[in-house]
Amino acid sequence: MEPRKNLFFKLLGLALAISGIILNPSVVGKFLTTDGKIEQISFLMIIFAFQTLISASGLFVFLFPRFFAKYWRLLLLSALGIVLAFAVVESTARVFLDRPAFGWYGYPTGVYIPDITKGDRFTPNFRGYFLNPPYDHIPININSHGLRDVEHEFKKPNGVTRILGIGDSVTFGAGVFLEETYLYRLEKLLQQQGINAEVIKSGVNSYKFDQEYTYYIEEGYKYNPNIVIVGFLDKDIIPVTKQNITNLYESAKRSYRNIQEKDKKSFVEKIRLLCRTCDTLYTLLNLLTNNWNKSQGIANSWNKEWENTSNLEHLEKRMTDLNERLKRNGQQLVIVIFPTTEQFGSGNSQKNKFQDRLKELLKKENIPALDLFPYLNVPEYYRYYFSGDTAHLNAQGHQLVAKIIKEFILKP
């Protein structure tokens with residue numbers, strides 16, 4: 001072999017080996033994330049795998065330069081074949097997979113402002129869109145009262161049956177148009193029945209029952225509703241502490257301070273948007289590692305929260321107080337209990353324990369409860385939820401829930 005070729009391949013191997021050593025989480029984190037830190041196990045696994053592969057390849061080239069000098073054409077053709085195969089796979093993924101495969105809608109900077117009693121709330125008159133594809137064409141329009149809704153005066157018009165719907169991101173309608181949310185559809189269904197109904201849609205992303213309770217006693221009561229519908233999930237058993245409120249307040253303050261800044265995407269997020277195959281592999285890896293373990297841990301912690309006597313006493317006290325406030329004004333409280341998809345399927349009878357505990361508590365206080373578990377626990381339940389999401393309904397799910405609630409509140 002010519003000395004020049006020998007030197008070239010040795011230098012190439014040395015460069016690859018050094019690159020593999022440099023390619024470490026502390027360096028790559030500067031490019032892959034917005035804050036320069038890598039905390040997910042899936043990120044670390046990918047980086048270490050590439051680091052090992054590149055260093056090993058460099059060492060092999062350095063030790064066996066004659067082999068690469070002899071077969072470099074074959075190796076080049078092999079590399080081109082791999083690129084072509086990837087192009088075929090990517091083209092197929094773009095035809096058959098959504099963008100992205102299991103996307104998270106995301107919320108734009110500035111949608112929240114600090115709130116001293118609830119931690120945060122929606123910015124009045126905010127106009128924006130969900131942050132991530134394929135939801136980034138769906139608007140988030142907040143009215144002057146800080147609700148994702150059309151404008152409503154506090155004073156109830158004569159002859160109107162007014163419903164106040166409170167809840168979290170499911171009630172808010174994460175990932176769907178306002179016109180597709182169950183509260184909006186409920187309003188239209190009641191009007192089609194000849195009822196002059198007006199539904200105030202006051203769901204706020206990430207709220208728990210404590211925050212929803214606070215919203216009602218501070219502002220929600222001003223609408224003078226005939227019925228208050230609370231969308232309740234398993235996480236709502238967890239009390240919201242003063243420290244939780246402080247943390248939310250500070251986070252919202254930082255977000256509001258940066259309201260003029262463009263929402264940043266990390267390098268990984270940009271790659272996921274450009275490469276459908278990369279996004280799918282990334283999502284599957286997360287489901288198999290960090291995110292899956294995390295979701296299981298949260299589910300288990302919520303089960304423990306429901307076994308906590310002090311939590312149940314706290315919830316009962318808040319429910320009783322809210323119910324008494326409404327009864328004094330001749331109004332009705334209705335609790336709509338939303339399941340999560342982890343509860344579905346055969347052999348999961350113990351996973352709906354929280355519904356049983358909650359219904360037992362509500363029955364004691366004579367509060368009507370609509371448990372959606374029997375309606376959504378069907379073989380085709382995935383038709384009603386977003387792909388890869390355990391709690392949030394798609395447009396079809398919202399439509400089904402609206403029909404069930406309408407029948408429940410209209411029954412004799």
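How many of the 412 residues of the chain count as buried? The share is 44%, where buried means under 20% relative accessible area, exposed over 50% and partly exposed in between (1.4 Å probe, protein chains only).

This is a predicted model, in which local features need pLDDT of at least 70, side-chain atom pairs count only at pLDDT 80 or more, and totals for chains, interfaces and linings use all residues. Residues are numbered from 1 along each chain as its sequence is written, and side-chain values use heavy atoms, with hydrogens and water left out.

**View 1. The whole chain.** The chain has 15 helices and nine strands. These are DSSP runs (helices: H or I, at least four residues; strands: E, at least two), numbered from the N terminus. Of the contacts between residues at least 6 apart in sequence, 72% join residues at least 24 apart. A contact means heavy atoms within 4.5 Å.

**View 2. D115 in strand β1.** Strand β1 covers residues 112-115 and includes D115. The relative accessibility of D115 is 10%, so D115 counts as buried. Its side chain makes a polar contact of 3.2 Å with the side chain of R121. Such a contact is a pair of N or O atoms within 3.5 Å; within protein, one must be able to donate a hydrogen and the other to accept it, and residues adjacent in sequence count only if both atoms are side-chain atoms. Leaving aside residues up to four places away in sequence, D115 touches D120, R121, I245 and Y249.

**View 3. Aromatic pairs.** The structure holds 21 aromatic pairs. Rings of Phe, Tyr and Trp (its six-membered ring) pair if their centres lie within 6.5 Å; planes under 30 degrees apart count as stacked, over 60 as edge-to-face and the rest as tilted. F60 and F64 form a tilted pair, 4.9 Å centre to centre with 45° between the planes. F60 is partly exposed, because its relative accessibility is 39%. F64, at 43%, also counts as partly exposed. Y105 and F386 form another tilted pair, at 6.0 Å and 55°. Y105 lies in the loop between α4 (65-96) and β1, and F386 in the loop between α14 (373-376) and α15 (395-410), so this pair ties together parts that are 281 residues apart in sequence. Y105 and F386 are both buried.

**View 4. A ring cluster and two charges over rings.** Ring pairs link Y105, Y107, Y112, F122, F130, Y135, F172 and F386 into a cluster. R148 lies over the face of F172, 5.0 Å from the ring centre. Elsewhere, the charged end of K10 sits over the ring of F62, 4.4 Å from its centre. A charge sits over a ring if NZ of Lys or CZ of Arg is within 6 Å of the ring centre and within 35 degrees of the ring normal.
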